[in-house]
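I opened the notebook to record what I looked up here, entry by entry.

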Amino acid sequence: MKDPLKDLNITDLATMEENGDFAIVCLNKQRHSSSSSSSIEEKESNRSEKRRVKPIALDYPKKNGEILSGQYGINLLLFGIALMLGVSYHGYSIKEKHLLSFITTVMLIQLLWMLWYVVRRDRQKNSVPEKDSHAGTRWLRGGLTILALLSLIMDAFRIAVYVGYKECLSPTLGVYPVVHVLHTVSQVYFLWFHIKDVIKTCQTFERFGVIHAVFTNLLLWCNGAMSESQHFLEAHKKRLASLGFINYTGGHDEPHCECAISSCSMFSKSLYYLYPFNIEYHIFVSAMLFVMWKNIGRIIEHQHKREKDGLRVTRLVLGPILGLVALAGTITILVIYIMQVEESLETHRMAISMFYCHGIVMLACMCIAGTLGLILYRLDNRPLDASKNPSRQLDTELLCGSSVGTWLMSWCSVIAAVATHSNPRYRWTILAYSLLLVLEKYIQNLFIIESLYRQQEAVVEAEDQDKEEEEEEEEGGGGGGGGGEGGPSGIFSVSSQVPSCRGIVNQAFTNQENVYVSLNSSRLRNGNVPLCSLNQELQEPPVVPVSQDRAGKPDRRQILRNIAIFLFLCNCSLWLLPAFGCRPQYDNGLEQETFGFTIWTMVLNFAMPLNLFYRMHCVASLFEVFQHV
């Protein structure tokens, strides 16, 4: 359309302005432009609506795949737990060989899926898969490899026991440890080379494969936890029988034939000392595979890479020393408890009192250390990292979820200590220990979660530097535009076109602010200073050494590292005690008097495996906190 204003000359415009017709022409021009702009806005809104609908439509297969595979895994686990409950009843319909046959089949299916996945990845060498750097750190995979080696030793003992009793045992009990060896070796290889993969092809099928692996390891964890709980329950009943409280013969799981080799009893007894490592191995593997399942189809967000800062081990003195003292004391308590708990009644009660006094001191120190760490975080105002990270989110959920078992056990102990009619010497120490256990997990969970969610200092500095560069560019652009007047903007506009003089300043003066500034001021008075160096001095702050700019931060970081390593060693200590037989909750008698033997045994069978996992998970999380501080 032809613009009517182009055909008008200056005199016509002046005449129209006097008559008031110019405003009408401009008004029509504005109406035409507003109608065209409104049509453009409508088109843009339609496009945005289409864009909104498209991701939702594409999200449906992903959500359906997650829901279907999740339900499959849950039902697989529940069927296995139903078999375990039938075996624990020691009836005639469901035997241990039926449970092991099911678990062996499930492990073979996972082996086939892992083989198919590795072969398909090797054929796709040209396409490099995306990696999640947060999933499965190297030190965590190394720790799982050590646990896997201990699990292989346990399988060797199982094979030896089967060889000794093969005349009266089912062949399933010999096939199961062999398949478990193949499963463990293949799974460790998969963890080292494929756990970080972000799967983008065959997503529905891969979801079922990964979730099958997750719940296979959960099933193995449940089986190990149930076997360990039964072993400790048998040992507790034998101790009660030796003290004269009950009559118990036992022997449900003992073979009904003689062993063909001389070391069968040694192998069978050693199995239960390796169960804790096997249990922790499977629960940690299931957590790592769950992160891989959550990463299927995920778009990785690229963030600032954190610069690796060398750890200053010279100041890590107080935390390791106190932690090693706690660990040494814990080992001493463990040995004394195991030796004295089966002696006379008076020695039995002394061992229980000694355990709770040691626990009170350790938990109080852990509460103080965690509170100090939280105070230091309050003093350092740093934003939280809100980026999407399935591994960190799972750590948070596992910390809070695994605390439930210990909290339930602690509150039952509190009620029993207050309501009991008997008055043993360890009654009030049990009350203090249980309350401190609840408080310690509150504080430690908060400390670990805040440590994992705090933005790293290098990332914060990189973001601040990017913002400063953007602001400097905007100011430089604004100054160049206003160079018509002879103010400071004219100086910036001229200097922006002059090559930078950075690099010609004598570097010997960079760490001596006074000499550097006095030299520049004398050159400025003599008029010998170049224009570009004047511009740099006006725009850039003076060079300050890192040690002066961060005077307080290294000390704060060292305190946090000492706290992290102290809590790390304390959680190792608190894991060792119940893992190797120091469980006074079975022996003190207060909870059994209040809740009854059956109910209290159910509570312990639920709480103890979660407590063991919580302590080992805190060990892994605190090591990560120690690295990130």
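I call a residue buried under 20% relative accessible area, exposed over 50%, and partly exposed in between (1.4 Å probe, protein chains only). The model is predicted, so I kept to the rule that local features need pLDDT of at least 70, that side-chain atom pairs count only at pLDDT 80 or more, and that totals for chains, interfaces and linings use all residues. Residues are numbered from 1 along each chain as its sequence is written, and side-chain values use heavy atoms, with hydrogens and water left out.

Entry on cysteines.

I took a disulfide to be a pair of cysteine sulfur atoms within 2.5 Å. How many disulfides does this rule give? The count is 1 disulfide. I found it between Cys-259 and Cys-264, with the sulfur atoms 1.5 Å apart. The torsion about their S-S bond is about 40°, so I noted the disulfide as right-handed. Of the two partners, Cys-259 is partly exposed at 25% relative accessibility, whereas Cys-264 is buried at 2%.

I then looked at Cys-570. Which cysteine sulfur is closest to the sulfur of Cys-570? It is that of Cys-365, 7.2 Å away, which is too far for a bond. Cys-570 is buried, with 0% relative accessibility. For Cys-202 I wrote down a relative accessible area of 44%, so this residue is partly exposed.

Entry on Arg-615.

I located Arg-615 in helix H20 (residues 597-628). Helices here are DSSP runs (H or I, at least four residues), and strands are runs of E of at least two, numbered from the N terminus. Is Arg-615 buried or exposed? Its relative accessible area is 2%, so Arg-615 is buried. I next listed its contacts, a contact being heavy atoms within 4.5 Å. Leaving aside neighbours within four places in sequence, Arg-615 touches residues that include Leu-363, Met-366, Glu-440, Asn-571 and Trp-575.

Entry on salt bridges.

Side chains of opposite charge can pair when their charged atoms come close. My cut-off for a salt bridge was a side-chain nitrogen of Lys or Arg within 4 Å of a carboxyl oxygen of Asp or Glu. The search of the whole structure gave 10 salt bridges.

Arg-158 and Asp-155 meet through their side chains at 3.6 Å, N to O. Both are in helix H4 (residues 138-164), 3 residues apart, about one turn of the helix. Asp-155 is buried at 0% relative accessibility, and Arg-158 is buried as well, at 13%.

Another salt bridge joins Glu-228 to Arg-583, with the closest N and O atoms 3.6 Å apart. Glu-228 is in helix H6 (residues 203-242) and Arg-583 in the loop between helix H17 (553-579) and helix H18 (584-587), so the pair ties together parts that are 355 residues apart in sequence. I noted both Glu-228 and Arg-583 as buried.

Arg-556 and Asp-380 also form a salt bridge, the closest N and O atoms being 3.9 Å apart. Because Arg-556 is in helix H17 and Asp-380 in the loop between helix H9 (345-379) and helix H10 (390-419), the pair ties together parts 176 residues apart in sequence. Arg-556 is partly exposed at 25% relative accessibility, while Asp-380 is buried at 17%.
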